[in-house]
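This report is written for a reader who is new to the structure. Please look over the sequence and the model before reading on.

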Amino acid sequence: MNIQTQIPCPDCGTPIPVDGAMLLTGTRFSCPNPQCHCAIALNSNDRQVVANAFEQFSYLRERAQHMASGH
Amino acid sequence: MADTPSSSHLAKQFSGVPLKALMGAPLKAASDANGMLARSQTQFLLSTCFDVDENKPGYMIPRMISFTLSRQVLASDGSHKTTESMDFVVPLMAIIPINSLAIETLKVSFEMDVKSTTEYSQESSQSHKDASDDDISRPYRGHQYSTEVHGSLRTSGKGKTSSAVRYVIELTAGQLPLPKGITTILDVFSKNLTPIPSKTEDSQ
Ligand SMILES: [Zn+2]
């Protein structure tokens, strides 16, 4: 599962790049705006919900890639 | 002495070739595949990213997930840093790259040679280009496609010569756009991310 996504910084609105696998481990992601010293992390009680969503999404994406390769 | 091959002569050489079917079939297959993906995308969104609203039958509400925002703050005298923490919620679908669920590019190319022998004594060359844009995925409105047909005809010499026409057709298809309702929800939430102070103090 390799999901790259982004979440707008709640403080300045700059998109914060987020790695799906690291998000699920509780990693903090810093806002790339140098003037903004914010970091975000997924709360532990929602990790399972996100993990399930990522898993289903990965399955769909694999199907799409399978179709694109003409099989 | 025969006429120099003309565009109409060129066109006649292609009569009977099922160009429409040859060009349309791969696009139709891609469009059908994207239609299936669009349906899967909708099912995924409804089953994973929404909950049934128990107060309003038939309504669904976005499933929210909670994040902690932490920020380093300097004390007023600049002596030490503290970390302030706040919680905020975002819709689950906001962190899923849904629009990557589409066949982004499809490249179909085939070459076609038509050869004929004619007799003439002139030197000429001509090229032909046709372009068209259409949406062939009407049931889903998922894909736009563009087609370019290039052809070239080169003849030279005198007396008995041969002419050859080679057509190269390339098809490209664009990315599946997100449904308007989804982009509206995402837009509203991204503009209203208001953090609230965390229940458990995490400042040190
Ligand atoms: Zn920021």
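## Basis of the model

This is a predicted model, in which local features need pLDDT of at least 70 and side-chain atom pairs count only at pLDDT 80 or more, while totals for chains, interfaces and linings use all residues. Residues are numbered from 1 along each chain as its sequence is written, chains are lettered from A and ligands numbered from 1 in the order in which they are written, and side-chain values use heavy atoms, with hydrogens and water left out.

## The two chains

Chain A has two helices and four strands. Helices (H or I, at least four residues) and strands (E, at least two) are DSSP runs, numbered from the N terminus. Starting from the N terminus, the order in chain A is β-β-α-β-β-α. Chain A has 71 residues, and 41% of them are buried; buried means under 20% relative accessible area, exposed over 50%, and partly exposed in between (1.4 Å probe, protein chains only). Of the contacts in chain A with a separation of 6 or more, 28% are between residues 24 or more positions apart, a contact being heavy atoms within 4.5 Å.

Chain B contains three helices and nine strands. Its elements follow the order α-α-β-β-β-β-β-β-β-β-α-β from the N terminus. Buried residues account for 35% of the 204 residues of chain B. For contacts in chain B with a separation of 6 or more, the share from residues 24 or more positions apart is 68%.

## The zinc site in chain A

Which atoms coordinate the zinc ion? They are the SG atoms of A:C9, A:C12, A:C31 and A:C36, at 2.3 Å. Donors are N, O and S atoms within 2.8 Å of the metal (3.2 Å for Na, K and Ca); water is not among the atoms, so sites may look incomplete. The angles among the four donor atoms are 100 to 117°, and the site is tetrahedral, a label given to four donors if all angles lie between 85 and 135 degrees. Ideal angles for four tetrahedral donors are 109.5 degrees.

Along the chain, the donors are spaced as C-x2-C-x18-C-x4-C. A:C12 is in the loop between β1 (4-8) and β2 (15-19) of chain A, and A:C31 is in the loop between β3 (29-30) and β4 (38-42), so this pair links distant parts of the chain, 19 residues apart. A:C12 is partly exposed at 34% relative accessible area, whereas A:C31 is buried at 7%. A:C9 is also buried, at 3%. Over all chains there are zero disulfides, that is, pairs of cysteine sulfur atoms within 2.5 Å.

## Ring contacts

Over all chains, the structure holds two aromatic pairs. Rings of Phe, Tyr and Trp (its six-membered ring) pair if their centres lie within 6.5 Å; planes under 30 degrees apart count as stacked, over 60 as edge-to-face and the rest as tilted. A:F57 and B:F44 form a tilted pair, 6.1 Å centre to centre with 50° between the planes. This pair joins two chains, because A:F57 lies in helix α2 (residues 47-68) of chain A and B:F44 in helix α2 (residues 19-48) of chain B. Both residues, A:F57 and B:F44, are buried.

B:F67 and B:F88 form a stacked pair, 5.6 Å centre to centre with 20° between the planes. This pair links distant parts of the chain, with B:F67 in strand β3 (residues 64-74) and B:F88 in strand β4 (residues 81-91) of chain B, 21 residues apart. B:F67 is buried at 0% relative accessible area, and B:F88 is buried at 2%.

Methods: Tetrahedral: all angles 85-135°; square planar, octahedral: opposite > 155°, others 65-115°.
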